[in-house]
Structures are given as structure tokens and as C-alpha cells.
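Morning, everyone. Please have the sequence and the model open on your screens. I'll take us through the strands, then a helix, then the core.

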Amino acid sequence: MKRIDAIIKPFALDEVKTKLAALGVKGLTVTEVKGFGRQKGHSELYRGAEYVVDFLPKVQVTILAAEDQVGAITDAIIAAAKTGKIGDGKIFVASVDDVIRIRTGERGPDAI
């Protein structure tokens, strides 16, 4: 099993969710996060004073999937979230040793 974490721009979430649903992804977790990469934030003017916004709002989408689904899922996320501009985000793929469904005690792929 693999854990796929995608950090994307908030406006791309609906399109990502639609594309993942079309692939048959049954569950995902969405978290509002803040961060920066190469963008390093930006300056804004508020009531005549300039201030720096270091952390930009992003959305983290987390999905657990079988190894054979990872390519299709990451391709769908890229297709939905890519604007070609800086700050489109990143996708991280990591191995998951075990998953346990608390309600039933199921383990492994049955618990996804």
C-alpha cells in the first residue's frame, strides 16, 4: 500500500476530487495547510502598510491506495492541479506498512 500526499492550490481541490472519483478512489482526507517553497511568500499592502505573507494557503489531499493505482492517481492529480505557474504544489508517495480499521479491526488492503 502507498500513501499519496498532494499539496495543491485550494481552487484546484474540486477538480482533483472529481478526477479521483472517476478513478474509483473511495476515500481521501483533505487538510487546509500553509507553507512555502520556492515562492517564499509575497508582500501585500494593507491600510497603507506593507507586510510579508510568508506562508501561503494550500490544501493537502491524502489518499491510501494499492501500489498498482499510484500512477493513475498521481497523473489525475497533476492533470487537475497543474496551471504551469509556480506554486502548483508537490506530490509525495510513501509506503504504508499497515492500516487498521478501528470499527471492525480489519487490517491491510481490506481496511482502506
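**Strands, helix and core**

Strands β1 and β5 run antiparallel, and 7 bridges join them. Keep in mind that this is a predicted model.

Ile8 has Val59 as its bridge partner in β5. Lys2 has Ala65 as its bridge partner in β5. Find both pairs on your screen.

Now the other pairing of β1. β1 also pairs with β6, again antiparallel, over 7 bridges. Here Ala6 is bridged to Ile91 in β6.

How many of the residues of β1 are buried? The count is 5 of 7, which leaves β1 mostly covered.

Over to β5. Strand β5 takes in residues 56–65. It is antiparallel to β2 as well, with 7 bridges between them.

Is Gln60 buried or exposed? Buried: its relative accessible area is 18%. The cut-off is under 20%, so Gln60 makes it into that class. Its side chain makes a polar contact with the side chain of Asp5, at 3.3 Å. Setting aside residues up to four places away in sequence, Gln60 touches Arg3, Asp5, Ala6, Ile7, Thr29, Val30, Thr31 and Val33.

Second, Val61, also in β5. Val61 is buried, at 2% relative accessible area. What does Val61 contact beyond its neighbours within four places in sequence? Its contacts are Ile4, Asp5, Ala6, Ile8, Leu13, Leu28, Thr29 and Val30. Here is a distance to check. Val61 and Gly89 are 28 residues apart in sequence, and their C-alpha atoms are 11 Å apart in space.

Thr29 came up in both of those contact lists. So where is Thr29? It sits in strand β2, residues 29–35. Its relative accessible area is 47%, so Thr29 counts as partly exposed. Beyond its neighbours within four places in sequence, Thr29 is in contact with Gln60, Val61 and Thr62. Thr29 and Leu64 are 35 residues apart along the chain, with 9.4 Å between their C-alpha atoms.

Next, the helix. Helix α2 covers residues 70–81, which is 12 residues. From its first C-alpha to its last it reaches 16 Å, close to the 16 Å expected at 1.5 Å a residue. Which residues of α2 are buried? They are Val70, Ile73, Thr74, Ala76, Ile77, Ala80 and Ala81. Look down the axis of α2: these buried residues fall within an arc of 155°, so they line one face of the helix. Now turn to the face directed away from the buried side. That face carries the exposed residues Asp75 and Ala79.

What do the buried residues of α2 pack against? They pack against β1, α1, β5 and β6.

Take Thr74 as an example, in helix α2. Thr74 counts as buried, at 14% relative accessibility. Leaving out neighbours within four places in sequence, Thr74 is in contact with Ile4, Ile91 and Val93.

Last stop, the core. In soluble globular proteins, nonpolar side chains tend to be buried together. The largest nonpolar core here has 16 residues. Those with the most contacts inside it are Ile4, Ile8, Val16, Leu20, Ile63, Ile73 and Ile77. The elements that give two or more residues to this core are β1, α1, β5 and α2. Which element gives the most? It is α2, with 6 residues.

Finish with Ile73. Not counting residues up to four places away in sequence, Ile73 touches Ile4, Leu20, Leu23, Val25, Ile63 and Ala65.

To recap the strands: β5 is joined to β1 by 7 bridges, and to β2 by 7 bridges. To recap the helix: the buried residues of α2 line one face, because they fall within an arc of 155°. Thanks, everyone.

Definitions and conventions:
Residues numbered from 1 in each chain as written. Predicted model: local features only at pLDDT ≥ 70, side-chain atom pairs only at ≥ 80, totals over all residues. Heavy atoms only, no water. Helix = DSSP H or I, 4+ residues; strand = E, 2+ residues; numbered from the N terminus. Buried < 20%, exposed > 50% of the residue type's maximum accessible area, 1.4 Å probe, protein only. Polar contact = N/O pair within 3.5 Å; in protein donor to acceptor, adjacent residues only side chain to side chain. Contact = heavy atoms within 4.5 Å. Expected span 1.5 Å × (residues − 1). Arc of directions from axis to C-beta. Core = buried A, V, L, I, M, F, W, Y, C linked by side-chain atoms within 4.5 Å. Pairing = 2+ DSSP bridges.
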